[in-house]
Amino acid sequence: MMLLDEKEVQLNAMNEELNAMKEEFDAVTGKLNTTEDDLHTVTTHLNRTKDELIVVTSELNSTQGELQTVTGRLNRAVDVLERTRVSLDTETTRRNRTEEELSRTKVSLESVTGRCNRTEEELQRTKVSLESEVTRSNTCSAELTDTKSRLKGARKFSNITKWDILYTEPYFNNVFSEELLEELKSSCKSWDLLDEFVGVNLTDNVIDHFRKHDVNKAECGEQRDIFDLFDEFIGVKLTRGIIKHLRSNHNDEPCDD
């Protein structure tokens, strides 16, 4: 546009100059006494100006053609930009739908993950419980195996009872402790009668007492007088637990006829 304006300015200037020359030519023509050399000079000047005018006109036409070409390119670029905008709007809409689907999928995955975590926790608790049961079973099996092994080297009786395990280490002739009691209770048998003997030295007499007087199997009239039982605890420190045991388990009542 600036080039066109400049060309127009030049054209106007040349037109003005042409007009001025024409006026000068008219003035010269009006003068009959003008020399032929002056007329030739003016004619030459006029022709040169005419040629310049033709060149400027050609340049102006060329500039207009270039302007049309640039305008066409600009319009095509605008069309491309418009198509790009429409495509971008379409992709934005697709992206928004994809984000919504991803958000719903995330919520679903979080829900599934929560259920999986709870299931895993339940499985872990079940595993721990099963391992505990297996350990207990193995402990019982090992206890029974160990008891059988120990009883092979223990005193021989015609009637072996569960109390014979007390003849083995670490029980025989040792003070019976809470730890040893818990160890026995972890096996498959009931050892509640030993609760009152914590702190008592498990001598041969004490162990033999349990073998002879298993109160869980005693019948009416079979138990000896409570005072006769004191003979079995000679050499043993008589504790409140022993006395309580005798009163609770060996205070024989008369049989009903």
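This is a predicted model: local features need pLDDT of at least 70, side-chain atom pairs count only at pLDDT 80 or more; totals for chains, interfaces and linings use all residues.
Biologist: How many residues are in the largest nonpolar core, and which have the most contacts inside it?

Modeller: That core has 21 residues, and those with the most contacts inside it are L166, Y171, F176, L184 and L194. A nonpolar core here is a set of buried Ala, Val, Leu, Ile, Met, Phe, Trp, Tyr and Cys residues joined through side-chain atoms within 4.5 Å, where buried means under 20% relative accessible area, exposed over 50% and partly exposed in between, with a 1.4 Å probe and protein chains only.

Biologist: And which elements give two or more residues to this core?

Modeller: They are α3 (178–185), α4 (204–212) and α5 (240–249); helices are DSSP runs of H or I with at least four residues, strands are runs of E with at least two, and both are numbered from the N terminus.

Biologist: What does F176 touch?

Modeller: Leaving out residues up to four places away in sequence, F176 touches Y171, L181, L184, L194, F197, V198, G199, V200 and L202, with contact meaning heavy atoms within 4.5 Å.

Biologist: Which residues of α3 are buried, and why do they line one face of the helix?

Modeller: The buried residues of α3 are L180, L181 and L184. Seen down the axis of α3, they fall within an arc of 100°, so they line one face of the helix; the arc is that of the directions from the helix axis to the C-beta atoms.

Biologist: Changing topic, how many aromatic pairs does the structure hold?

Modeller: It holds four, counting rings of Phe, Tyr and Trp (its six-membered ring) whose centres lie within 6.5 Å, with planes under 30 degrees apart called stacked, over 60 edge-to-face and the rest tilted. One of them is W163 with F210, a stacked pair at 4.6 Å centre to centre and 20° between the planes. This pair links distant parts of the chain, since W163 is in the loop between α2 and α3 and F210 is in helix α4, 47 residues apart.

Biologist: What about F197 and F210?

Modeller: Their ring centres are 4.9 Å apart and their planes are at 65°, so that pair is edge-to-face. F197 is buried, with a relative accessible area of 0%, and F210 is buried as well, at 1%. Ring pairs link W163, W191, F197 and F210 into a cluster.

Biologist: Where does the charged end of K162 sit?

Modeller: It sits over the ring of W163, 4.8 Å from its centre, and also over the ring of W191, 5.0 Å from its centre. A charge counts as over a ring if NZ of Lys or CZ of Arg is within 6 Å of the ring centre and within 35 degrees of the ring normal.

Biologist: Which peptide bond is cis?

Modeller: The bond from E169 to P170 is cis, with omega near 5°, and P170 lies in the loop between α2 (36–153) and α3. N173 also lies in the loop between α2 and α3, and N173 has a positive phi of about 60° although it is not a glycine.

Biologist: Last one: is R211 buried or exposed?

Modeller: R211, which is found in helix α4, is buried, with a relative accessible area of 16%.

Note on methods: Residues are numbered from 1 along each chain as its sequence is written. Side-chain values use heavy atoms; hydrogens and water are left out.
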